[in-house]
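Open the model in your viewer and follow the stops below. Each stop says what to select and what is there.

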Amino acid sequence: SDPFPQFATKPPKELGGTSASLMVYVEDVDAVVEQAIGAGATLEREVEDQFWGDRFGVVQDPFGHTWTIATHIEDVSPEEMQKRSEEWAAQMAGAQA
């Protein structure tokens, strides 16, 4: 909702940051992220498939709150998760070089 100056809490944009974020699972992450952008949210992270089996993206609403929105797309075994995690870490290390 809109900020209420009569209360002690302040919105993230007024504070210059946020100490919390929300993560919600939805049926269609792509549609929900597009709907959020259409309602005034800013895209913080493109919607992409993740190695742990979710497809997710991140938006910031007009008040400055961060929302991670996800759809679970596959179950990943512990062994496959380890393998994918190591591959992801290697990609991130290579990108920073």
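Before going on, note the ground rules. This is a predicted model, in which local features need pLDDT of at least 70 and side-chain atom pairs count only at pLDDT 80 or more, while totals for chains, interfaces and linings use all residues. Residues are numbered from 1 along each chain as its sequence is written, and side-chain values use heavy atoms, with hydrogens and water left out.

**Stop 1: the hairpin**

Select residues 54-60, which are strand 3. Strand 3 pairs with strand 4 in the antiparallel sense, over seven bridges. Strands here are DSSP runs of E, at least two residues long; helices are runs of H or I, at least four; both are numbered from the N terminus. Two strands count as paired if DSSP finds at least two bridges between them. Five residues separate strand 3 and strand 4 in this hairpin. Pick Gly 64 in the turn: its phi is positive, about 100°.

**Stop 2: the parallel neighbour**

Now select residues 21-25, strand 1. Strand 1 runs parallel to strand 4, with five bridges. Met 23 has Thr 68 of strand 4 as its bridge partner.

**Stop 3: Thr 68**

How much of strand 4 is buried? Five of the seven residues in 66-72 are. Buried means under 20% relative accessible area, exposed means over 50%, and partly exposed lies in between (1.4 Å probe, protein chains only). Thr 68 is buried at 13%. Show its contacts (heavy atoms within 4.5 Å). Beyond four places in sequence, Thr 68 touches Leu 22, Met 23, Val 24, Phe 56, Gly 57 and Val 58.

**Stop 4: helix 2**

Select residues 29-38, helix 2. Asp 28 caps the N-terminal end: a side-chain oxygen lies 3.2 Å from the backbone nitrogen of Asp 30. After helix 2 comes Gly 40, with a positive phi near 115°.

**Stop 5: the core**

Which residues form the largest nonpolar core? Select Val 29, Val 33, Ala 41, Val 47, Val 59 and Ile 69. A nonpolar core is a set of buried Ala, Val, Leu, Ile, Met, Phe, Trp, Tyr and Cys residues joined through side-chain atoms within 4.5 Å. In soluble globular proteins, nonpolar side chains tend to be buried together. Center on Val 33. Not counting residues up to four places away in sequence, Val 33 touches Leu 43, Val 47, Val 59 and Ile 69.

**Stop 6: Val 26**

Move to the loop between strand 1 and helix 2, and pick Val 26. Val 26 counts as partly exposed because its relative accessibility is 24%. Leaving aside neighbours within four places, Val 26 is in contact with Val 32, Ile 69, Ala 70 and Thr 71.

**Last stop: the whole chain**

Zoom out. The protein chain has three helices and four strands, in the order α-β-α-β-β-β-α from the N terminus. The C-alpha trace spans about 50 × 35 × 20 Å along its principal axes. Buried residues make up 24% of the 97 residues.

Key: A polar contact is a pair of N or O atoms within 3.5 Å; within protein, one must be able to donate a hydrogen and the other to accept it, and residues adjacent in sequence count only if both atoms are side-chain atoms.
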